[in-house]
2 protein chains.
Amino acid sequence: LNVWINGRNRSTLDYRDRGLQYGDGIFETMRVRRRGIRLLDLHLERLYKGCGQLRIRAPDPLLLRRELERIAARRIEGVLKLIVTRGCGPRGYRPAVRERATRIATLHALPRATPDDAAKAVRLRVCATRLSTNPSLAGLKTLNRLDSVLARAEWSDARIWEGLMRDVDGNWVCGTMSNLFVRRGRDLLTPPIDRCGVAGVMRRWILQNAGSLRLHPVERRIRWDDLRSAEEVFMSNAVVGIRSVRTIEGARLGKLRFIGADTAQQLRSLLDRQ
Amino acid sequence: LNVWINGRNRSTLDYRDRGLQYGDGIFETMRVRRRGIRLLDLHLERLYKGCGQLRIRAPDPLLLRRELERIAARRIEGVLKLIVTRGCGPRGYRPAVRERATRIATLHALPRATPDDAAKAVRLRVCATRLSTNPSLAGLKTLNRLDSVLARAEWSDARIWEGLMRDVDGNWVCGTMSNLFVRRGRDLLTPPIDRCGVAGVMRRWILQNAGSLRLHPVERRIRWDDLRSAEEVFMSNAVVGIRSVRTIEGARLGKLRFIGADTAQQLRSLLDRQ
């Protein structure tokens with residue numbers, strides 16, 4: 001059984017857990033590589049930031065890190081998902097402050113089409129479902145993910161890798177499970193994650209490392225025109241890494257094609273050397 | 001044990017349940033009165049509407065109704081909470097369409113200060129946390145409730161009954177667990193629940209029955225000025241019913257006092273005769 005709840009090998013959970021009752025928790029989806037966890041420090045940083053912001057009593061950092069590393073060592077390649085909820089409490093939205101957090105770690109196989117196809121550019125579609133806006137939650141990978149669920153339910157064509165999502169004002173922010181990058185010359189644009197969306201760990205790594213490839217990372221709102229005039233578009237995600245985009249298909253917006261994939265390739269090489 | 005999961009008396013849940021993984025589900029909180037469920041038809045209507053909108057395979061209506069009535073009959077007065085999630089699935093946002101919904105019914109005692117104090121006007125405060133905006137989810141009582149959780153965590157003073165919440169544009173929409181009504185003359189204003197917030201069952205009942213008290217219900221955005229010029233303000237909630245508001249306290253916005261409570265009282269009498 002590849003599930004550990006509070007460090008114990010079990011697969012069921014108390015129904016009173018606030019993770020279930022209200023989506024009162026956060027999660028991380030991590031890439032297991034050579035029996036280790038890629039970008040573990042960045043994952044833990046976001047996790048503890050989220051616990052702080054939601055005032056969830058986070059698990060002991062040393063204990064958690066050891067537990068994750070021990071679990072990751074069971075697979076050469078794979079995915080390690082960690083959920084941390086506020087824990088159990090009585091009915092009602094109000095947290096009792098004294099709840100003990102629940103942590104649920106699960107080990108999975110890599111999704112198909114990974115990692116061999118990493119260099120292959122993917123097809124994107126445009127989602128009708130908008131991202132949920134809330135500045136108090138933006139950036140965190142909380143368990144409130146119904147916007148992504150509804151957006152991902154919009155298509156079943158397996159040839160479409162991802163769907164692009166807009167905020168309620170029509171800016172393009174991210175995919176259902178990945179962040180968006182747009183290159184024009186040496187400028188590498190990515191939307192700010194200040195009102196909606198998840199601030200991905202791979203996004204963070206790219207922003208930190210873009211300079212070493214002489215790119216200028218810029219966080220700003222992205223409109224359809226920015227996509228249309230892009231030289232290169234790619235998506236990032238902690239499990240899959242960096243995926244070049246070949247086309248974006250929007251029913252009414254038309255279809256965009258991208259040829260450039262150099263920057264994505266360079267970033268991938270850099271990431272592989274991590 | 002006052003918990004029934006898929007009709008069986010048990011209290012643990014599969015960790016793969018999408019209700020936990022993504023908040024992929026909805027719930028109803030119902031008032032048990034004289035061993036029956038108040039406004040059951042309205043609750044079921046909202047529940048099935050939500051299942052339809054999220055494409056959750058809803059439980060059989062007849063089976064569900066009987067189950068709820070059987071559970072409610074175990075208490076003279078109380079609260080019956082029902083969660084319906086999409087059920088278990090593999091990792092990933094995409095629903096598999098074939099999931100079997102999970103239903104979790106729990107029976108609780110009435111919250112304190114209910115129902116004897118129903119006629120007592122309450123104190124409200126103003127919350128800093130804004131409501132999450134998403135037109136695709138607005139109105140539904142989904143398991144994505146972190147906005148309410150954060151807002152409810154803002155105060156611990158037991159003398160404050162509820163906190164008023166704004167949307168991201170600054171309109172006053174509802175409380176953390178109740179809907180807002182503002183009376184001026186014969187006009188009964190309540191905010192439209194088209195971009196955020198939960199369309200409460202008690203709110204619906206009030207809108208349906210306001211006419212019989214010669215009130216004109218109007219759904220429109222509510223600004224601070226509307227509250228300031230109100231003759232009467234009250235909050236609604238399926239468990240508690242209708243609570244008159246005595247004061248609204250906002251740190252920077254100042255303090256509003258309300259004296260009128262006639263309409264709330266008339267609605268309460270009408271509700272009691274249901």
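Tutor: Start with R86(A) and D24(A): the two form a salt bridge, with their closest N and O atoms 2.6 Å apart. A salt bridge here is a side-chain nitrogen of Lys or Arg within 4 Å of a carboxyl oxygen of Asp or Glu. This is a predicted model, in which local features need pLDDT of at least 70, side-chain atom pairs count only at pLDDT 80 or more, and totals for chains, interfaces and linings use all residues. Residues are numbered from 1 along each chain as its sequence is written, chains are lettered from A and ligands numbered from 1 in the order in which they are written, and side-chain values use heavy atoms, with hydrogens and water left out.

Helices (H or I, at least four residues) and strands (E, at least two) are DSSP runs, numbered from the N terminus. Both R86(A) and D24(A) are buried. Buried means under 20% relative accessible area, exposed means over 50%, and partly exposed lies in between (1.4 Å probe, protein chains only).

The structure holds 42 of them over all chains. In one, R221(A) meets D194(A), with the closest N and O atoms 3.0 Å apart. R221(A) is in the loop between β12 (216–219) and α6 (224–228) of chain A, while D194(A) is in the loop between β11 (187–190) and α5 (201–209) of chain A, so the bridge ties together parts 27 residues apart in sequence. R221(A) is partly exposed, at 30% relative accessibility. D194(A) is partly exposed too, at 37%.

In chain B, the side chains of E231(B) and R183(B) meet in a salt bridge of 3.3 Å, N to O. E231(B) lies in the loop between α6 (224–228) and β13 (232–237) of chain B and R183(B) in strand β10 (residues 179–184) of chain B, so this pair joins parts that are 48 residues apart in sequence. E231(B) is partly exposed at 39% relative accessibility, whereas R183(B) is buried at 8%. Back in chain A, salt bridges with shared partners join R18(A), D24(A) and R86(A) into one network.

Now the sheet. Five strands of chain A form an open sheet in the order β1-β6-β5-β3-β4, with antiparallel pairing. β1 and β4 (36–37) of chain A stand at the edges with a single partner strand each, so one side of each has no neighbour in the sheet. Two strands pair if DSSP finds at least two bridges between them. β5(A) and β6(A) run antiparallel and are joined by seven bridges. T85(A) has T102(A), in β6(A), as its bridge partner.

T106(A) is in strand β6 of chain A. It is buried, at 4% relative accessibility. Its side chain makes a polar contact of 2.8 Å with that of H108(A). A polar contact is a pair of N or O atoms within 3.5 Å; within protein, one must be able to donate a hydrogen and the other to accept it, and residues adjacent in sequence count only if both atoms are side-chain atoms. Leaving aside neighbours within four places in sequence, T106(A) is in contact (heavy atoms within 4.5 Å) with residues including V3(A), V79(A) and Y15(B).

That last partner leads to the interface. The contact takes 57 residues from chain A and 57 residues from chain B. Across it, the rule finds zero salt bridges. The count of residue pairs in polar contact between chain A and chain B is 18, both residues at pLDDT 80 or more. On the side of chain A that touches chain B, α4(A) gives the most, with six residues. The residues of that side divide into 25 nonpolar, 20 polar and twelve charged. Here Ala, Val, Leu, Ile, Met, Phe, Trp, Tyr, Cys and Pro count as nonpolar, Asp, Glu, Lys and Arg as charged, and the others, Gly among them, as polar.

Strands also pair between the chains. Three bridges join β2(A) to strand β2 (residues 12–14) of chain B, and the two run antiparallel. T12(A), in strand β2 of chain A, stands opposite D14(B) in β2(B). T12(A) is partly exposed, with a relative accessible area of 30%.
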